[in-house]
Amino acid sequence: MAFSTQVKGELARYMPEKRCCQLTELGAILALEGRGVRSEAGWDVEVTLTNTAAARKAFLLFKQLLGPRPVQLGKAGKVAGRPSYVVRIPSPTEQELEVLRSARRQVGAGGMTSPERVCCSRAVVRAALLCRGSFADPARQNHVEMQLDEASISAVEGTFARLGITVGRMTRRGEPVLYLKDGDSIVDLLQQTGAHQALLQYENVRIAKDVRNSINRLVNCETANVDKTVSAAIAQLDAIRKIDARRGLQSLGPKLQEVAVLRARHPYATLQELAEMTDPPVSRSTVRYRLARLMKIAEDLPDRGSDSAGE
Ligand SMILES: [Zn+2]
């Protein structure tokens, strides 16, 4: 299941305990997607939603706040190429309308505003995510966005700010979009909106990514070290060949001669391995010192055309 579908499913199942939050979440859904529709009996209230999770949440909130009464749930036409769903309250009574109005007032009387309370702010964010949000697969990238409109974007942005979650704002195809790109903020968002299973999954993916990154760093680092060892060994072998060609290895003292022969025989051995091969074994730094001496001796030999002549 796509991560986005999973998060929305969880947000849809999450019913806030407090009535203020239930009213606010429904109010935000109404502000974002609701409208009054003329019908034979008067006016119906309906919301049109582009995903089943949001439709399910609207249905549950209507049931929760209006009690037992018919709520119609059906498919509508396509919105922006995607199937949409409509949740409709046919001919609400005056009492029911009062409940719906008080829900709507939770997010401002006219235009949408952000609520005062933190609990209700979370409800607004849930509604925005359900109605307009999408979550990228966390294994691929940290990205959450909500496509909003001019009437709602400032209220939703302010609500995020009240929750201490930083969001960015951009425009895509003329539509304002809020987005989060930071893993910590996304984890905070999932935590605050009650999507705890999604949160666990997100954290797992993040840990796996972290481990993979540190392994990659380690491997790259080791490769760099291997490269360094190999190029040092190549320079040492060049020096040993030069000394051998010009004045013979036997011209070296026994200790330098020994390390020169060992290096020539074991081009890929580490300093530690060379140190253990000497007789008697010496320290790694002694081997390093002796190899450096060989390099210096070779360097001090007068140049004489091609050093590899005769090889
Ligand atoms: Zn509340």
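This is a predicted model: local features need pLDDT of at least 70, side-chain atom pairs count only at pLDDT 80 or more; totals for chains, interfaces and linings use all residues.
Q: Which hand does the crossing of α5 and α6 have, left or right?
A: Left-handed, as α5 passes α6.

Q: What about α2 and α3, at what angle do they cross?
A: At roughly 135 degrees, with the axes of helix α2 (residues 19–33) and α3 coming within 10 Å. That angle makes α2 oblique to α3. Here α2 passes α3 in a left-handed crossing.

Q: Which residues meet there, between α2 and α3?
A: From α2 you have Arg19, Gln22, Leu23, Glu25, Leu26, Ile29 and Leu30. They meet Lys57, Ala58, Leu61, Phe62, Gln64 and Leu65 in α3. By class, this contact of α2 with α3 has eight nonpolar, two polar and three charged residues.

Q: Switching to pockets: how much space lies in the largest pocket?
A: About 740 Å³. It has 32 lining residues, and the closest to its centre are Thr50, Arg82, Cys131, Arg132 and Gly133.

Q: Which elements each supply at least two residues of that lining of the largest pocket?
A: They are α1 (3–13), β2 (42–49), α3 (52–66), α5, β5 (133–135) and β6 (144–147). The largest share, seven residues, comes from α1.

Q: What's the lining of the largest pocket like by class?
A: There are eight nonpolar, 12 polar and 12 charged residues in the lining of the largest pocket.

Q: And the second largest pocket, how much space is in there?
A: About 250 Å³. Of the 14 residues that line the second largest pocket, Thr229, Ala232, Thr270, Leu271 and Arg284 lie nearest its centre.

Q: Which elements give two or more residues to the lining of the second largest pocket?
A: Those are α8 (196–247), α10 (271–277) and α11 (284–300). Helix α8 gives the largest share, six residues.

Q: Last one: how does the lining of the second largest pocket split by class?
A: Five residues are nonpolar, five are polar and four are charged.

Conventions:
Residues are numbered from 1 along each chain as its sequence is written. Side-chain values use heavy atoms; hydrogens and water are left out. A crossing is left-handed if the near helix is turned anticlockwise from the far one by less than a right angle, and right-handed if clockwise. Helices (H or I, at least four residues) and strands (E, at least two) are DSSP runs, numbered from the N terminus. On a 1 Å grid over the protein atoms alone, a cavity is a set of points where a 1.4 Å probe fits but cannot get out, and a pocket is an open set with protein on both sides within 12 Å along at least five of seven lines; lining residues have an atom within 4 Å of a point. Grid points are joined across faces, edges and corners, and a volume is the space filled by probe spheres set on the points. Ala, Val, Leu, Ile, Met, Phe, Trp, Tyr, Cys and Pro count as nonpolar, Asp, Glu, Lys and Arg as charged, and the others, Gly among them, as polar. Axes are lines fitted to C-alpha atoms, for helices over the stretch in contact, and angles run from 0 to 180 degrees between N-to-C directions. Angles under 35 degrees count as roughly parallel, over 145 as roughly antiparallel, 65 to 115 as roughly perpendicular and the rest as oblique. Contact means heavy atoms within 4.5 Å.
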